[in-house]
Amino acid sequence: MTQAQLQETANIAAHGPDVGGGDWRKYFSFSTDHKVIGIQYLVTTFIFYLIGGVLATAVRTELATPEVDFVSRELYNSLFTVHATVMIFLWIVPAGTGGFGNYLVPLLIGARDMAFPKLNALAFWIIPPAGIMLMLSFFVGAPGSGWTSYPPLSLVNGKAGEAIWILSVLLLGTSSILAAVNFLVTIWKMRVPGMGWNQMPLFVWAMLATSALALIATPVLAGALILLSFDLIIGTSFFNPTGGGDPIVYQHLFWFYSHPAVYIMILPVFGMISEILPVHARKPIFGYKAIAYSSLAISFLGLIVWAHHMFTSGTPPWLRMFFMITTMVIAVPTGIKVFSWLATIWGGKLRLNSAMLFAMGFISMFVIGGISGVMVAAVPFDIHVHDTYFVVAHLHYVLFGGSVFGLYAGFYQWIPKMTGRMLNEPLGKIHFVMTLIGFNMAFLPMHKLGLEGMNRRIAEYDPKFATLNLVCSIGAYILAISTFPFIINVCWSLFRGPKAGNNPWGGLTLEWMTSSPPPVENFEADPVLATGPYDYGMGDRSTQVDVPFSEPSDPDLSAGPSSSLRAKADPAVAAHPDDREGESANRE
Amino acid sequence: MTGSTLDPTKTELNYHHADEVAAPHGGEHHDFRIQGIIVFLIAEGMIFLGLFMAYLTFRAVAPTWPPEGTPERELLLPGINTIILISSSFVIHNADTAIKKNDVKGLQKWFVITAVMGLVFLVGQIYEYFHLEFGLTTNLFASTFYVLTGFHGLHVCFGLLLILAVLWRSLKKDHYNSQHHFGVEAAEIYWHFVDVVWIVLFLLLYIL
């Protein structure tokens, strides 16, 4: 069968005539291609990230001065509630799992698509209506009980907004469960022959751990929300003490999901960092198995620590001890990862491009969040800082300094693969520096505010906190502005960026062995594993892919390793005309 | 070209698109769909587990359980219902055995019987609802009772729909044979799951 015939039949069998890039309308359709779905997730969630950012800026504007002057107290409550809900349920969780997970997992394991493509598309298309519904709640009285929505406050606080919040989060949870089912079966059954469990790239391990966690924890949140909606709408009293119910039960069920949720947010990022560091340090990853299995350990431990959110909810002391110890133990597998990453960087020939900068920024910021995490895990300290800005600082160091930095690193790493064009490095570096400065300015002072006793979720505060709050607000503005270089960069890259070639970074994982953007079914032929995913500078020199150290936009680098790899994968593929086209474009 | 995307010998790997071309009934190459059902049922099980845990906590914290003044519940009707539902699990297993022997008539017969048993269970449950002397908001026990049994009832309804869909496909389209019977297996696994949940529910709400 000739190449042309093959291509034609493949198109008929699959997704219509478009291959790889091309028709923009497919991004607005019920496409079953995992790459289209991944990009749909990434773009949608990024838009929600911007919306959440606008809400955050409004919150910080209110808090720039001690008085209530910018918005009303009710609106302030809604602002921080919707900000948190959007950032968690509509940005970090779906961007890390649905976005990067969908785009990368089949490519990394050499599969042609996810196990259940239609289910995959369905899981994505649940998200936009749920998000839009949450936004529209501002017109009927937005939810204002915090993203935890604790009863009995949430039962008396404005029913329309609360009902919308419940429905929206239930839908997003459903989407998350469907995605988890898909990932588990895909990773379980669809790895390319020759890829055993211990040959899987670390991002795939991370997605396995994440999906298992999402599968087990998310339904419990659904159960809690079903009961809460009965309380709210029908008037039962599961969580309403006046009718004999117990609000603490809600807290248990809620945190049984929502604590693991922080690992659902951070584990995919851990996986991405494990992919990015070895490529740009040009070294094998240090401690492959330690990183892989520590993801599973984090998943397991993540399920048995939820009550550390409830140390001040009348938890008996012996139970507090259990949750304090298990919580602190999570620092061990996390520390294993951090040490492995540092050992990977150690002595490497680092390429300090935007992806690498964000990855290293991630490590430093996340470690600060991790250390304050061990602090709040200690019961006496937690009782002191509970519901203060110390907790706000801690969670932002983990979720922004951790997850968001990592997601940005992922964008810089894989956008060339997604669009086929490079991003602008100077703009990326400006983005990184502004983000780092804005982020630390906005959240570092909050540690001190919290230790001195400033409560979270208040619109009005003691004037003695005014200076530090002003610093935080200015930092938040810098952080808000820092997204502009990134948006400009992506828009510029889409139309003007230099061609990326198949393998701009000289990576060894399978996604770099196909074209950028990959064709509809990812690989021209089933890829053959020539090296392990991180065998940089290892093994037999004759089969060695040797990548010279240079800037990523270097045309030789972007063309060289990919064609040699592809030649090894399948000699017929290396002669594919698209390759030569990409190379000549690079040399211009 | 070796290993091409449309090479039928390669399709057992993971290639569902070629599969649709090569095997329109989507059968043997789709063995991972069973894993999909199992993984999905773990999630379903976790919803119920969360609700059971809530129930047990309410019960542990309450001074008396069920709360004072909750009318006694009749055991006869739910007992019969339970026997019907558990027996239907054995009935539906015959359907699976039949289709593995290429016996489509047997599949249809056993599925019809299962569907009727499921329907009897549902009617029995609705009858019970109308004759109970407490309502959804009477007290905490009543609320958990209705939410748990109602949520399980919804799952029975969904299982029935699944069985009817498979039945319809086997009647109209001659869809299943000894090689291609994923739908039958999926319906069977789901039905067993619904049964197991009911056993726990029955023990919690009626017996213990």
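Eighteen residues line the largest cavity, and those nearest its centre are Val93(A), Thr97(A), Leu172(A), Ser175(A) and Ser176(A). A cavity here is a set of points, on a 1 Å grid over the protein atoms alone, where a 1.4 Å probe fits but cannot get out, and lining residues have an atom within 4 Å of a point.

This is a predicted model, with local features needing pLDDT of at least 70, side-chain atom pairs counting only at pLDDT 80 or more, and totals for chains, interfaces and linings using all residues. Residues are numbered from 1 along each chain as its sequence is written, chains are lettered from A and ligands numbered from 1 in the order in which they are written, and side-chain values use heavy atoms, leaving out hydrogens and water.

Back to that cavity. It holds about 160 Å³ of space, and the structure has six cavities of 30 Å³ or more. Volume is the space filled by probe spheres set on the grid points, which are joined across faces, edges and corners. Seven of the lining residues come from α7(A), the largest share. The helices below each supply at least two; helices are DSSP runs of H or I, at least four residues, numbered from the N terminus.

| Helix of chain A | Residues |
|---|---|
| α3 | 73-108 |
| α7 | 159-189 |
| α8 | 202-234 |

By type, the lining splits into twelve nonpolar, six polar and no charged residues. Ala, Val, Leu, Ile, Met, Phe, Trp, Tyr, Cys and Pro count as nonpolar, Asp, Glu, Lys and Arg as charged, and the others, Gly among them, as polar.

Helix α7 of chain A also carries Leu170(A). Leu170(A) has a relative accessible area of 23%, so it counts as partly exposed (buried is under 20%, exposed over 50%, partly exposed in between, with a 1.4 Å probe and protein chains only). Not counting residues up to four places away in sequence, Leu170(A) touches Ala222(A) and Leu225(A), contact being heavy atoms within 4.5 Å.

Zooming out, chain A has 21 helices and zero strands, and 62% of its 588 residues are buried. In α2(A), 22 of the 30 residues are buried.

Then there's the largest nonpolar core, with 231 residues: such a core is a set of buried Ala, Val, Leu, Ile, Met, Phe, Trp, Tyr and Cys residues joined through side-chain atoms within 4.5 Å. Helix α9 (residues 247-281) of chain A gives the largest share of this core, 21 residues. Phe362(A) is among the residues with the most contacts inside the core. Beyond four places in sequence, its contacts include Ile266(A), Phe270(A) and Trp341(A).

Notes: 1 Å grid on protein atoms, 1.4 Å probe; cavity = no way out; pocket = protein on both sides within 12 Å on 5 of 7 lines; lining within 4 Å.
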